[in-house]
Amino acid sequence: MITAFQLANMIFTGAEALGKVPETIKMQGLKKPLIVTDKGVVKVGLAKQVTDVLEAEGIPYALYDESVPNPDEKNAEDSYSMYKKEGCDCLIGLGGGSSMDAAKGCGILATSGGPIDQYRGMGLLKAPLPFYIAIPTTAGTGSESTCAAIITNTRDDHPWKMVILDGRLLPDVAIIDPMLMMGLPPAITASTGMDAMTHAIEAYLSIGAMEYTNALALGAIELVFKYLSRAVGNGNDIEAREKMAYAQTMGGMAFSNAGLGLVHSMAHPLSAFYHISHGFANAVCLPVVLDYNKIVCREKMAKIAEISGMSDLGKYPEEACVEAVQRLNDLVGIPRTITEAAAMIDKKIDTKDIEPMSKDALNEVSTVTTPRIPNLKEVMSLYKKCW
């Protein structure tokens, strides 16, 4: 069987990697980047760290800071309008996965044209993005190492997430500097960290898994089990931050090539309907979907349980895997149910949404590579177990 594996052209990882940004831009003969980020990143001073290194080298820039969680088509359109107006010739995505996805959305419109919803699916872009530098400020989404962009469609009868998959969405350069993640609040650290865990586990269990992705996924799983609780407990633990930065990028590489599974298929509608953070949505669904998958993933789930460090795997180690993941969720403060996750952001939820969300989940591209293919009734049942 022939397999294919792709990743960003260059990845710089480590403290002070941010200093590579001006050099990267100049080496390409580029003149002016558009920085796509959000107001939170600006408020805490992380955007200034990027603009400072650009200004020190005399590189002009434009700044779009209107990206929102679960970015929508308006984010892509508005950032592209600024890209054109300011005469930019390259992109910097700065922030969590939402800002990096918004930057990818801008790049899609810049080179492939609109409307953006025509690119939902696999390999439908017309051209590569403009030169794109991805700079994550959280350790979870792995967007700096993936060929995916998730854009929320808000113009239909209900919001839904468009998954755009194309090798041309991979960043040209990823800058992974754990110093940008120091002091990140515990809840965001936990949410994004379990997002990284979900990426790695689903890539490992995916029917598209291969030796390359298995090695990356297992490495990421081990790092998250070992270092996430430390990063949550002490936001200034530089070793934990750096190890989690590696974990998210490794997990991103794994799922970008192997695919994901039903956890993501269920999490995307939760974020679209209720604006529950992607990381929390994944983390809540993960133990329930693992329990559903165990009948077809016994050996691989036993391996995850072993990596978790559990001393007694018992007679059914696949069940120990579910227990280990739930134990980590509890340790880092992840809510156990959708109701609890929604309450954290004062969102009201309604069981009448379960059926349309389940239908959206079945239509998600991630469902294609899930190890146990569900029907509508089963997905609805899984949502109810998470509810």
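View 1. Leaving aside neighbours within four places in sequence, Cys 106 is in contact (heavy atoms within 4.5 Å) with Leu 34, Ala 76, Ser 79, Tyr 80, Tyr 83 and Leu 91. Because its relative accessibility is 0%, Cys 106 counts as buried; buried means under 20% relative accessible area, exposed over 50% and partly exposed in between, with a 1.4 Å probe and protein chains only. The C-alpha atoms of Cys 106 and Glu 77 are separated by 6.6 Å, although these residues lie 29 residues apart along the chain. Residues are numbered from 1 along each chain as its sequence is written. In this predicted model, local features need pLDDT of at least 70 and side-chain atom pairs count only at pLDDT 80 or more, while totals for chains, interfaces and linings use all residues, and side-chain values use heavy atoms, with hydrogens and water left out.

**View 2. The open sheet of three strands, β5-β8-β7.** The pairing in this sheet is mixed, two strands being paired if DSSP finds at least two bridges between them. The edge strands, each of which pairs on one side only, are β5 (121-122) and β7 (148-153). Strand β8 (residues 160-165) pairs with β7 in the antiparallel sense over six bridges, and Ala 148 stands opposite Leu 165 in β8. Helix α5 (residues 97-111) packs on the sheet and touches both β7 and β8, its direction making about 90° with that of β7; axes are lines fitted to C-alpha atoms, for helices over the stretch in contact, and angles run from 0 to 180 degrees between N-to-C directions.

**View 3. Asn 153 in strand β7.** With a relative accessibility of 4%, Asn 153 counts as buried. The side chain of Asn 153 reaches the backbone nitrogen of Arg 155 at 2.9 Å. When residues up to four places away in sequence are not counted, Asn 153 touches Glu 73, Asp 117, His 158, Pro 159, Trp 160 and Met 162.

**View 4. Met 194 and the largest nonpolar core.** A nonpolar core is a set of buried Ala, Val, Leu, Ile, Met, Phe, Trp, Tyr and Cys residues joined through side-chain atoms within 4.5 Å. Of the 78 residues in the largest such core, Met 194 and Met 266 touch the most other members, and helix α7 (residues 211-233) supplies the largest share, twelve residues. Not counting residues up to four places away in sequence, Met 194 touches Leu 228, Ala 283, Leu 286, Val 325, Leu 328, Asn 329, Val 332 and Ile 334. A second, separate core of 27 residues includes Leu 34, Ala 62, Leu 91 and Trp 160.

**View 5. Packing of helix α10 against helix α12.** The axes of α10 (residues 278-293) and α12 (residues 317-331) come within 9 Å and cross at roughly 170°. The two helices α10 and α12 are therefore roughly antiparallel to each other, a term for angles over 145 degrees, whereas those under 35 count as roughly parallel, 65 to 115 as roughly perpendicular and the rest as oblique. The contact is made by Ala 283, Leu 286, Pro 287, Leu 290 and Asp 291 of α10 and by Cys 321, Val 322, Val 325, Gln 326 and Asn 329 of α12.

Technical notes: Helices (H or I, at least four residues) and strands (E, at least two) are DSSP runs, numbered from the N terminus. A polar contact is a pair of N or O atoms within 3.5 Å; within protein, one must be able to donate a hydrogen and the other to accept it, and residues adjacent in sequence count only if both atoms are side-chain atoms.
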